Amino acid sequence: MSTPILKIENVSKRYGKKDVLQEVSLTVNKGDLKILIGPSGAGKSTLLQCINFLVKPDEGRIWLDGQEVHYAHKHDLYAYRQKVGMIFQDFNLFDHLNALENVRIGMVKVRGMGKKEADKRAVMELERVGLKEHMQKYPAQLSGGQKQRVSIARALAMDPRVMLLDEPTSALDPELIGEVHSVIRDLGQSGMTMIMATHQIGFASSLASEIIFMESGRILEKGTPEKIFCHAENARTREFCSKITELYGETR
Amino acid sequence: MPDSLIAVRDALPYLLEGSLVTLIVVVGAMALGLVLGVPLAAAQVYGHPVLGRLIAVYVWFFRGIPLLVFLFLFYFGLCTALDINLTAFTVAIIVLGLISSAYQSQIFRGAILSLPEGQFKAAQALGMSDLKAICFVVLPQALRLSIPGWSNEYSIILKDSAVTYALGVAEIMARAHFVATRTYQQLPLYLAAGVIFLILTYAGTKGLRLLEERVRIPGYSPHGF
């Protein structure tokens, strides 16, 4: 078997006395789309932020392409983060830059690309998410769905090995969710490796290679969408899935 | 023409020369305060907690001692004790600049803290070092937000600069005082000095307001004016 793209072993995080993550392990292979589900406070977001060390895990080890990440070495950490794209729930576009500059800044300031070359690439990525004609607009002039698509373009411009998506559609109006989902679907079909936290289980079940159910900082159960949504072993998983299906529509 | 007006008219070129001195002192002090204040603010927010505490002491020190005490301490005390040969003009800029750096650092710190936390996180997630994130993401936004506070700081320094007359800096106040005591036209001359200060305050704050509008992020805070 080939080396997994991302391997996470026994990652734990405590805030004071509260265990937010308890010995979470995960192996992600090329082209996987792992979906994290679970109630709020389950640790989905903390797990994603621990994976690129925006939150420093208290314990645990992480490998990218078979190489262990030593996050205490700043140089290694910055190089690693370039290869791990992050999409936030509230977009976090840089407010003082227009869409094009948002996509360009990482290439120019982090990867050291020339402005012209970076411009070309930025336009390409914006075209890919369907926003080429909006590239001169500032975040405050874009809709939520457009902002999230710019943030996806910004991550893609760094040529990530894996993308982490932290509830990318939770802050969006229902009618804007579709445009972001379709971009993520295209990404999945082009072979992008992704880990995504979401409550949109209809979308999740149609695309995921694996569903991971988390609660209280642990992975309670994982399996194919069919297994988790229809034949879950754990009673809590079944309970959560039936509640969320009621809320967010049928699983497909 | 009454004597009072004649006195003002005669003194005007002399007073305007003083305005130039005042302006150089103020611009110099603001610039020194900016150059020191920005890194102080960034270090206080993003640096090691020990560094943050040291900066807090620095701020306390320079905000806590009256300007006049500082000017005398520096000019008559320190410069004499260490045998440094600085003009009153230079000392005025340095002292006003150091004090302003303490105030300005807190203007910038407030602006930095008002940015959504996600801005810095998103920069880190792209692989930026803390320094790059601060320079390319945090400061361009924080400095824009600092302009209103900075405009405040300008008018305060402008008025504080009159105190440097005590060292013999030939600024507006020193010259008005000099002419007033010589011609016995105190009222019109101090009034003229006051009017010049009012005009300088107006011009500066107006200029900063225009700057604020010029660098405004499109689509952002449209009700600023």
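In what order do the 4 strands of the open sheet in chain A stand? They run β2-β1-β4-β5, and the pairing is antiparallel; strands pair if DSSP finds at least two bridges between them, while strands (E, at least two residues) and helices (H or I, at least four) are DSSP runs numbered from the N terminus.

Before selecting anything, note that this is a predicted model, in which local features need pLDDT of at least 70 and side-chain atom pairs count only at pLDDT 80 or more, whereas totals for chains, interfaces and linings use all residues. Residues are numbered from 1 along each chain as its sequence is written, and chains are lettered from A and ligands numbered from 1 in the order in which they are written.

**The whole of chain A**

Of its 252 residues, 48% count as buried, that is, with 20 or more other C-beta atoms within 10 Å of their own, where 12 or fewer means exposed, anything in between means partly exposed, and C-beta atoms are placed from the backbone.

**The sheet and its helix**

Select β2 (18-28) and β5 (67-68) of chain A, which stand at the edges of the sheet with a single partner strand each, so one side of each is left without a neighbour there. Next select β1 (residues 6-15) and β4 (residues 59-64) of chain A, which pair in the antiparallel sense over 5 bridges; in β4(A), A:Glu59 is the bridge partner of A:Ser12.

**Where chain A meets chain B**

Bring chain B into view: 22 residues of chain A are in contact with 19 residues of chain B. On the side of chain A that touches chain B, α2 (74-82) and α3 (99-110) of chain A each supply at least two residues, and the largest share, 5 residues, comes from α2(A).

**A stop in chain B**

Finally, select B:Leu115, in the loop between α4 (88-114) and α5 (117-125) of chain B. This residue is partly exposed, with 17 other C-beta atoms within 10 Å. Not counting residues up to four places away in sequence, B:Leu115 touches B:Val138, B:Gln141 and B:Ala142. B:Leu139 lies 24 residues from B:Leu115 in sequence and 10.0 Å from it in space, C-alpha to C-alpha.

Notes
Two residues are in contact if their C-beta atoms, placed from the backbone, lie within 7 Å.
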